[in-house]
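Have the sequence and the model open side by side for this short tour.

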Amino acid sequence: MSIADIRKDYQRHALTEADVADDPIVQFTTWFDEAVSAQVVEPNAMCLATATPDAYPSARIVLLKGVDQRGFVFYTDYRSRKGTELADNPCASLCFFWAELERQVRINGAVQRVSRTESDEYFQSRPLPSRVGAWTSSQSSVLPSREVLEAQLAANAERFGDGPVPLPDHWGGYRVVPEEIEFWQGRPSRLHDRIQFRKESGRWVKRRLSP
Ligand SMILES: Cc1cc2nc3c(=O)[nH]c(=O)nc-3n(C[C@H](O)[C@H](O)[C@H](O)COP(=O)(O)O)c2cc1C
């Protein structure tokens, strides 16, 4: 079968204006819980797109680690490519695809670092090897070989032993503060449902977009 022949007709659900909560964070939480119940693989995996100040984009998957009225939180190495791009251009897009439910959620907004207290609380909840790993990897920098990384890991494992492992200065969370959130439900014949929220004068405004 050629790639061009791969297609799927979406039949499972519909999305009406009345189905969607007036608060998009409430709606996101409902859909997220449904993705968990449907046993979607890694339901908190999301594509994060950033861009340089002159608009050259890059995208990668990261894990959502918290959501509330303030926004969507993920954790990473502040020295990474995404970290550098966010320092110079603090806005981002997030995109979830929950194939089993034929759903997509898109989020755009400004990005800010979470507090050191919040980052530390999450960092200390991670398994020991992940905490040691954060000291070992300088994310997105060029490595001469795998062996160099493993030698750094062995040195850090010896340095920290069974812990404690402090939060590295270069590691922590970002919060995407949403300005737009779109809920997309696949429908037959490519006539999908799209309900978009936009923040206007501090209030969420809901509207339907053409598929
Ligand atoms: C399922 C999955 C989850 C991931 N979660 C994270 C994450 O939470 N934080 C992170 O920094 N990288 C995560 N990564 C790795 C990133 O996709 C990426 O390789 C890394 O962050 C470096 O990106 P950058 O060079 O654009 O900064 C994940 C990758 C996958 C496939």
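## Around the ligand

Which of the 15 residues around the ligand come nearest? They are Arg-60, Thr-76, Ser-80, Arg-81 and Ser-140. A residue is near a molecule if its C-beta atom, placed from the backbone, lies within 6 Å of it.

Strands β2 (57-63) and β4 (71-77) and helix α2 (81-88) each supply at least two residues of this shell. The largest share, five residues, comes from β2. By type, the shell divides into six nonpolar, five polar and four charged residues. Here Ala, Val, Leu, Ile, Met, Phe, Trp, Tyr, Cys and Pro count as nonpolar, Asp, Glu, Lys and Arg as charged, and the others, Gly among them, as polar.

## About the model

This is a predicted model: local features need pLDDT of at least 70, side-chain atom pairs count only at pLDDT 80 or more, and totals for chains, interfaces and linings use all residues. Residues are numbered from 1 along each chain as its sequence is written.

## The overall picture

The protein has five helices and nine strands, taken from DSSP runs numbered from the N terminus (helices are H or I, at least four residues; strands are E, at least two). Along the sequence they follow the pattern α-β-β-β-β-α-β-β-α-α-α-β-β-β. The C-alpha atoms fill a box of roughly 55 × 50 × 40 Å along the principal axes.

Of the 211 residues, 25% are buried. Buried means 20 or more other C-beta atoms within 10 Å of the residue's own, exposed means 12 or fewer, and partly exposed is in between, with C-beta atoms placed from the backbone.

## Helices α4 and α5

The axes of α4 (residues 128-136) and α5 (residues 146-160) come within 9 Å and cross at roughly 120 degrees. Axes are lines fitted to C-alpha atoms, for helices over the stretch in contact, and angles run from 0 to 180 degrees between N-to-C directions.

Val-132, Trp-135 and Thr-136 in α4 meet Leu-149, Gln-152, Leu-153, Asn-156, Ala-157 and Phe-160 in α5; contact requires C-beta atoms, placed from the backbone, to lie within 7 Å. These residues divide into six nonpolar, three polar and no charged.

## A look at Ala-110

Ala-110 is found in strand β6 (residues 103-113). Because Ala-110 has 13 C-beta neighbours inside 10 Å, it counts as partly exposed. Leaving aside residues up to four places away in sequence, Ala-110 touches Pro-90, Cys-91 and Val-177.

Conventions:
Two residues are in contact if their C-beta atoms, placed from the backbone, lie within 7 Å.
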